[in-house]
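Have the viewer open and follow along.

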Amino acid sequence: MLNWREADFSAYTSTIAYPSKEEEERQKEAMHTAEGLVADLTAKLGHAPSCCVVTFGCQMNARDSEKIQGVLECVGFTATESEEADLVIYNTCTVRDNANQRVYGRLGHLKSMKQKNPEKRIALCGCMIQEPDVIEKLKTSYRFVDLLFGTHNIYKFPELLCKLLTKNTEDRMLIDVWKSTDAIVEDLPVVRKYPFKSGVNIMFGCDNFCTYCIVPYVRGRERSRSSREILQEVEKLAADGVVEVMLLGQNVNSYGNGLPGELTFPELLQEVEKVDGIKRIRFMTSHPKDLSDELIAVMRDSKKICRHLHLPVQSGSTEVLRKMNRRYTREQYLELVAKLRREIPDLSLTTDIIVGFPGETKEDLQQTIDLVNEVKYDNAYTFIYSPRTGTPAASYPKTMTEEEIKEGFDELLKAVQKNAQEAVLRLEGRTEEVLVEEINTHDPGLMTGRLSNNVLVHFPGDESMIGKFYTVKLTENHGFYYIGEKV
Ligand code: SF4
């Protein structure tokens, strides 16, 4: 099997990095061309072509999908959630091997739909497409796919769309995957899923190389956007009615590294706080090794930064953390938590944990469970380790048996759930501010919203309340969420 490091991408990659402004103009021109092509297609089909963008994976992918959707809607596509659409794009994730299998499985269905609709076009993008063996597999076994593009050139989507729209279905698959890029292109259109909240990319890629993680290989080295561009985007969003922004990056705490004279992450947060109209600020993800005292102080003193921090620990054993290349010890992590609790007592803490990492013993796993009970997380995302081809840990030998891993995982889950329920219980009877997000999926008489600390609350209301803040009394605790009443 091909491995990233040995792969030769030269046949289908380009590494040209355009100056960003020049590239922006190129893409805007491509959008005009695409508009004309969509008008021709509309005449041929007798209706505007439909598009369906399916997102797998994390917040970064969700944000990329909004950009793809933005371009498509701007040039005349109609969005739909049905994969019967004239254009289907899978924005893929490759964090786990089974994520790849899911995509292959769904592609089978698309093939039969394409046989019935010869105008149908299928494109794949995202992290999975950055893997050379995936490209090879798609080229040989999924030849009906029309376009592949990676994570580094998503900003070229208008240009790629023009090529896709002029491609005959029997033409060879278009492949445009870059090994890396320094280019960050601003200002392409975006369609936001929610009118009142939005993600804002502040940086791309990661330099941390945790031994289990594929992200640095598929998303490339860390690069930050300029704070000027970020703040302009936030101001535009606020003018457009957005009240909550989530600053996104694989490791937001190292924002600005490598950009001389650029703001630090805490300084950037302070600037975002000054933007009128923005009422809540969230960010994701924080690497514990880079979380500074300056950031804690800014969070403590802020009126807008939400009382929630996602701080992935991954393991409670220093030895396992070393094997994972996390670059902090159990003691350092606990010290950091103690500092956070001291400075921001109402902070809600969540985390990620991997169980069954190669080299982990039952004693190590017990240390993780003890740490969960000590930190008392508000919630934790727990995963059983699965080796990711192309990462160093994929070749490490396993230590625990499947049974031991399963048993330890269940015990960990119990500890996580117990602490999560206790954390939610502490809010009972309190009156809190809720940002209403949507109509409750089970009961249309209820609205669903979130507290600053991310806990979900459902309370009676109607659609007109979406995107607004309400003061709500948290009356009924349902374990992981509340039923409340507006006061
Ligand atoms: S910090 Fe580690 S886990 Fe997170 S994206 Fe970077 S390499 Fe992956």
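Helices here are DSSP runs of H or I with at least four residues, strands are runs of E with at least two, and both are numbered from the N terminus. This is a predicted model, so local features need pLDDT of at least 70 and side-chain atom pairs count only at pLDDT 80 or more, while totals for chains, interfaces and linings use all residues. Residue numbers start from 1 along each chain as its sequence is written.

α2 itself has 16 residues and reaches 23 Å from first C-alpha to last, close to the 22 Å expected at 1.5 Å a residue (the expected span being 1.5 Å times one less than the number of residues). The buried residues in α2 are Met 60, Asp 64, Ser 65, Ile 68, Gln 69, Val 71 and Leu 72. Buried means that 20 or more other C-beta atoms lie within 10 Å of the residue's own; 12 or fewer makes it exposed, anything in between partly exposed, and C-beta atoms are placed from the backbone. An α-helix has 3.6 residues a turn, so residues three or four places apart point the same way.

What does α2 lie across? Helix α2 (residues 59-74) lies across β1, β2, β3 (87-92) and β4 (121-126), and runs at about 170 degrees to β1. Angles like this run from 0 to 180 degrees between N-to-C directions, with axes fitted to C-alpha atoms, for helices over the stretch in contact. Contact means C-beta atoms, placed from the backbone, within 7 Å.

The strands belong to an open sheet of 6, in the order β2-β1-β3-β4-β5-β6, with parallel pairing. At its edges are β2 (78-79) and β6 (174-176), each pairing on one side only. Two strands count as paired if DSSP finds at least two bridges between them. β1 (residues 50-55) and β2 run parallel and are joined by 2 bridges, and Cys 51 has Ala 79 in β2 as its bridge partner.

## Pairings around β18 and β19

β15 (residues 431-439) and β18 (residues 469-477) are antiparallel over 5 bridges, with Thr 471 in β18 as the partner of Glu 433. β18 is also antiparallel to β19 (residues 481-486), over 5 bridges; Lys 473 stands opposite Glu 485 and Leu 474 opposite Gly 484. β18 and β19 form a hairpin with 3 residues between them, and Gly 479 in the turn has a positive phi of about 90 degrees.

β17 (residues 456-460), on the other hand, pairs with β19 in the parallel sense over 3 bridges, with Val 457 partnered by Tyr 482. In the loop between β17 and β18 you'll find Met 465, which counts as partly exposed because it has 19 C-beta neighbours inside 10 Å. Leaving out residues up to four places away in sequence, Met 465 touches Val 436, Met 447 and Tyr 470.

## The ligand shell

Which residues are around the ligand? They are Cys 206, Asn 208, Phe 209, Cys 210, Cys 213, Val 215, Pro 216, Gln 250, Asn 251 and His 287, where the test is a C-beta atom, placed from the backbone, within 6 Å of the molecule.

By class, that shell has 6 nonpolar, 4 polar and no charged residues. Nonpolar covers Ala, Val, Leu, Ile, Met, Phe, Trp, Tyr, Cys and Pro; charged covers Asp, Glu, Lys and Arg; the others, Gly among them, are polar.

## Backbone spots to check

The peptide bond from Met 284 to Thr 285 is cis, with omega near 5 degrees. Thr 285 lies in the loop between β11 (280-284) and α9 (293-301).

Arg 327 has a positive phi near 65 degrees despite not being glycine, and lies in the loop between α10 (318-323) and α11 (330-343). Asn 454 also has a positive phi, near 85 degrees, and sits in the loop between β16 (446-450) and β17.

Note on methods. Contact = placed C-beta atoms within 7 Å.
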